[in-house]
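Dear colleague,

I am handing over the structure below, and I would be grateful if you could look through it before reading my notes.

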Amino acid sequence: MNNFENLPSEVQILIENFGDETGYDKLEELKKQVEEHGYTFEYGLDGIITDFYTLCSCCKKEINEDRDPVYFTKSGEVYCESCESEAWKYANTVIVCQNGENKKYIWCQEFGFRDTEWWEEASPNGVEGFNYVRTDGWRGYWDTVVEDGYTTLASGWSTGRWSDVTWKHKFNDFVDSIADGEVECPFELIFSFGLTSNVFSTSSDVIIRESKLEAFTEWLAEEMGTTLEEIRHSLV
Ligand SMILES: [Zn+2]
């Protein structure tokens, strides 16, 4: 429940200008106007307004702030609990690996990044966020926005193990061995996985600090017995 004093001034003005009219038709009209601003209210049989509520920007249902949590999106919109958890159902993933340690983050358009350990707002190295790229009317994918100073080592499409496209296993082996800590890569590598409209496929990027690219390429040959070209090929 909201107090009158906490409502934005334009909503307060609407209600103040309404004055002491008590007709239900008039009250319903006022309610419509207030709801356009993302709020609503209740009134008694006497026509006196009692309780104010915030509306969820997504589903437009009223949120009882005394009882239910309220979530703010990056753009400052108010979300109810069920719309918040819905937003995270289709999240992109970023894994930052170095020296056998890794940190996992997920990202959704409404709320940005969270680290998956503490569920806190975060900004992983190498990735600013994602842009949705529409390839035709219904299809598309989330494209990684790479941070300044970083570069993409390889990018393309990867599919899960269940797939029979064996040339993609090279990339999966590479990700697994580094993300599991089986191979301790001394360079910070960032793996970014964007959802696509094909549920069996993700758009994948491997990202590294520009200044480390040359040294990493040497390490790849010495320690992993592979080349950037081979990894790039496995993502095509
Ligand atoms: Zn909602």
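This is a predicted model: local features need pLDDT of at least 70, side-chain atom pairs count only at pLDDT 80 or more; totals for chains, interfaces and linings use all residues.

**Helix H2 and what surrounds it**

H2 covers residues 24-36, and its axis comes within 10 Å of the axis of helix H1, which covers residues 9-18, the two crossing at roughly 170 degrees. Because angles over 145 degrees count as roughly antiparallel, H1 and H2 are therefore described as roughly antiparallel to each other.

Where the two helices meet, Val11, Leu14 and Phe18 are the residues on the H1 side, while Leu30, Gln33 and Val34 are those on the H2 side. The residues of this contact comprise five that are nonpolar and one that is polar, with no charged residue among them. Just after H2, the chain reaches Gly38, which takes a positive phi of about 90 degrees.

**Two residues to look at**

Is Asn17 buried or exposed? This residue lies in helix H1, and it counts as exposed because it has 8 C-beta neighbours inside 10 Å, where 12 or fewer is the cut-off for that class. Asn17 and Glu214 are separated by 197 residues in sequence and by 68 Å in space, taken from C-alpha to C-alpha.

Arg209 lies in strand S13, which covers residues 201-209, and with 17 other C-beta atoms within 10 Å it is partly exposed. Arg209 and Thr151 are 58 residues apart in sequence, yet their C-alpha atoms are 6.1 Å apart in space. If neighbours within four places in sequence are left aside, the residues in contact with Arg209 are Gly149, Tyr150 and Glu188.

**The chain as a whole**

The protein chain contains six helices and 13 strands. Along its principal axes, the C-alpha trace spans about 80 × 35 × 30 Å, and the radius of gyration of the chain is 25 Å, whereas a compact globule of 236 residues would have one near 18 Å. Of the 236 residues, 21% count as buried. Among contacts between residues at least 6 apart in sequence, 48% join residues that are at least 24 apart.

Definitions and conventions: Residues are numbered from 1 along each chain as its sequence is written. Axes are lines fitted to C-alpha atoms, for helices over the stretch in contact, and angles run from 0 to 180 degrees between N-to-C directions. Helices (H or I, at least four residues) and strands (E, at least two) are DSSP runs, numbered from the N terminus. Angles under 35 degrees count as roughly parallel, over 145 as roughly antiparallel, 65 to 115 as roughly perpendicular and the rest as oblique. Two residues are in contact if their C-beta atoms, placed from the backbone, lie within 7 Å. Ala, Val, Leu, Ile, Met, Phe, Trp, Tyr, Cys and Pro count as nonpolar, Asp, Glu, Lys and Arg as charged, and the others, Gly among them, as polar. The radius of gyration is taken over C-alpha atoms; the globule rule is 2.2 Å times the number of residues to the power 0.38. A residue is buried if 20 or more other C-beta atoms lie within 10 Å of its own, exposed if 12 or fewer, and partly exposed in between; C-beta atoms are placed from the backbone.
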